[in-house]
Amino acid sequence: MPCVLRPCPRPACALCARAAQRSIASAASRSACRRWRVLLRVQIARQRCCAVRVGWVTRQLRGSSYIPLPPAVVLLVSLLILPITLKTFLLLWHKPKKTERFFFDQGLLGPPYRFLLGNLTEMVSLMLAASSKPITPPFSHNILPRVLSFYNHWNKTYGSTFLFWFGPTPRLAVADPELIREIFITKAEFFDRYESHPLIRQLEGEGLVNLSGHQWALHRKLISPVFHIDNLKMLMASVGETMVGILEKVAATAAANGGEGGVEVDVAELYHSMTEEAVTRSTFGRSSFDDGKVVFQLQTKLMAFAAEAFNRVFIPGYRFLPTVRNRIRWKLDREIKEKLLKLVSCRKEAAAAGEAKYLLRQMSSPAAAGISHSDIVEECKTFFFAGKQTTTNLLTWTTVLLAMHPEWQDRAREELRRVCGACDLPSMADLPNLKTLGMIVNETLRLYPPAVATIRRAKADVELGGYRVPRGTEILVPIIAVHHDAGLWGPDAERFNPARFAYGASRAARHPNAFMPFGLGERTCIGRGLAVLEAKMGLAAVLRRFKIRVSSNYVHAPTVLMMLYPQYGAPVIFSRICEDR
Ligand code: HEM
């Protein structure tokens, strides 16, 4: 019979050796023992010896005498730990693997699930590698590999619809417009908006963007009239003037510099005051005022903190710890709420005058019964965040693209001369007639959409383009990937060619829903009309006064920081046009 006894794992254990010798001596003295019994004793002695050593170590650690745990306690602890371990195994391994097989069996492939983190590690390293170098060739519009590198990477291996893992949650990347149409329009009732990360939610506010069900429907109904074109005309009157004020300062600086070479302006900063003006008008019906400006400043600071926290390793519950940074974030959030509450309270009294509709007026109307001050504050937060950053972004990229493509500047300027005549700024009646400018804005939104992707969550089992998608699956719609797809936009998909929008957005690509910078369906962007009007107004004011070209300091490096940003700013040279209009 082979000996099943194993030697003590510590060969140099002197205590074990002595105990073994004692055992052998006592066994030999009785002389009746067989060899295997001796060995058994040796092993028992060694185990006892090791237990003594463990007890000694434990005593040292506890600093008290060694008290063995009663078996009942051991049993209880095991009974508690076992189900937790089992549940963890089921949730973090068995279930994801089962779901993975479920999708793989239907032909939906993707990178394999890894315990707990899913594919997060690969995603982060792909994104970090991509954002560490600028685009090549330097002004290429083929930005997908840099901006959504993980999508670009897996798309090459698994196709445009594939499965990946955001932690233990399955995510389907869907870039086929037919399927996207189902998600947003024909089967929208099966999908919920994705619940944003709490740090983003804190920034966005618990307004329209983050509401659902009945509350969302009520808020959307109340707010929609603010963005009706006739109402926007009233709100927009002062927006152009704000832009003119900003550009006069640029012109003065250019003149002070001698005028010839022009002046370098970071356009990522240029448009802030104009977009703030538009948002405060649509929220409070009044011009930009100091408290409103303070809120924007606080939100910008909070955004920087959120972005920083977002880029760190995610530790569940960390945001609740009173660390220095968390305390600053809480303070900023508190200040934003207090400032907005003050504005809401004092503006509510003055809400009756004037014809224009704006957020505060709509949410104080009799139809808004049951809506509290704090609901209004959250909605203001949403407006301030969603309305400012997105439009500033759009204006930044459009200016950069016009600076890169002077032929389109000339065409837009020519149109402005034709439509607006001698007027400095387009009137509200002129804006819809600025077709070339509209095409330029659309082409910018196609190539550089401020919102690069959006996410939905299946709230029930649903069939999507013939695939069965289980409840709880998240769907990533990579807007930017759809916008750069040569199969939809033709072989020149990476070229800046506004002419493709000559017959309207729905006819610009091979699929009518291939262009979706503002989302699709019932949850489409409520502020799209305002954003496009602002963009046209701001660009018209620039093009009437300046020729623009890219600065030699500009590095073309679009990156995602909640939205699509120029990683190193957007310096553009503004040269005054000296001509009689
Ligand atoms: C270029 C500018 C803008 C872009 C690219 C943009 C983009 C988007 C997108 C893609 C969505 C849909 C998100 C989804 O379906 O998951 C959205 C929703 C929304 N946007 Fe915008 N947006 C812009 C400007 C604005 C402005 C100016 C405002 C308000 C002043 C605004 C307020 C909102 C709100 C409240 C929603 C949520 C609508 C709902 O869920 O009912 N956006 N936006």
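**A guided look at a predicted chain**

Guide: Let us open with a pairing: strand β5 (residues 454-458) and β8 run antiparallel and are joined by four bridges. Strands pair when DSSP finds at least two bridges between them. Helices (H or I, at least four residues) and strands (E, at least two) are DSSP runs, numbered from the N terminus. Residue numbers start from 1 along each chain as its sequence is written. This is a predicted model, where local features need pLDDT of at least 70, side-chain atom pairs count only at pLDDT 80 or more, and totals for chains, interfaces and linings use all residues.

Visitor: Which residue stands opposite L476 in β8?

Guide: That is I455. On another pairing, β8 (residues 474-477) joins strand β2 (residues 169-173) in the parallel sense over three bridges, and there L172 stands opposite I475.

Visitor: What is the average pLDDT of the chain?

Guide: pLDDT is the predictor's confidence in each residue, from 0 to 100. Here the chain averages 86, and 84% of the residues score at least 70. Over residues 1-40 the pLDDT is below 50, and this stretch has 31 contacts in the model beyond near neighbours in sequence. Residues 47-58 are also below 50, with eight such contacts. A contact means that the C-beta atoms of two residues, placed from the backbone, lie within 7 Å. Where pLDDT is low, the predicted coordinates should not be read in detail.

Visitor: How many residues surround the ligand?

Guide: A residue is near a molecule or strand if its C-beta atom, placed from the backbone, lies within 6 Å of it. There are 25 residues around the ligand, and the closest are G387, T390, G519, C525 and G527. Helices α12 (272-284), α16 (373-404) and α21 (528-545) each supply at least two residues of this shell, and α16 gives the most, with seven.

Visitor: Which residues of helix α9 are buried?

Guide: Count C-beta atoms, placed from the backbone, within 10 Å of a residue's own: 20 or more others make it buried, 12 or fewer exposed, and anything in between partly exposed. In α9 (residues 213-223), the buried residues are H219, L222 and I223. They sit on the same side of α9 because they cover an arc of only 90° around the axis; the arc is that of the directions from the helix axis to the C-beta atoms. An α-helix has 3.6 residues a turn, so residues three or four places apart point the same way. The buried residues of α9 pack against α15 (359-363) and α16, while the face turned away carries the exposed G213, H214, A217 and K221.

Visitor: Where is M562 found?

Guide: M562 is in the loop between β10 (558-561) and β11 (563-566). Its phi is near 70°, a positive value in a residue other than glycine, and M562 is buried, with 22 other C-beta atoms within 10 Å. L116, also not a glycine, has a positive phi of about 65°.
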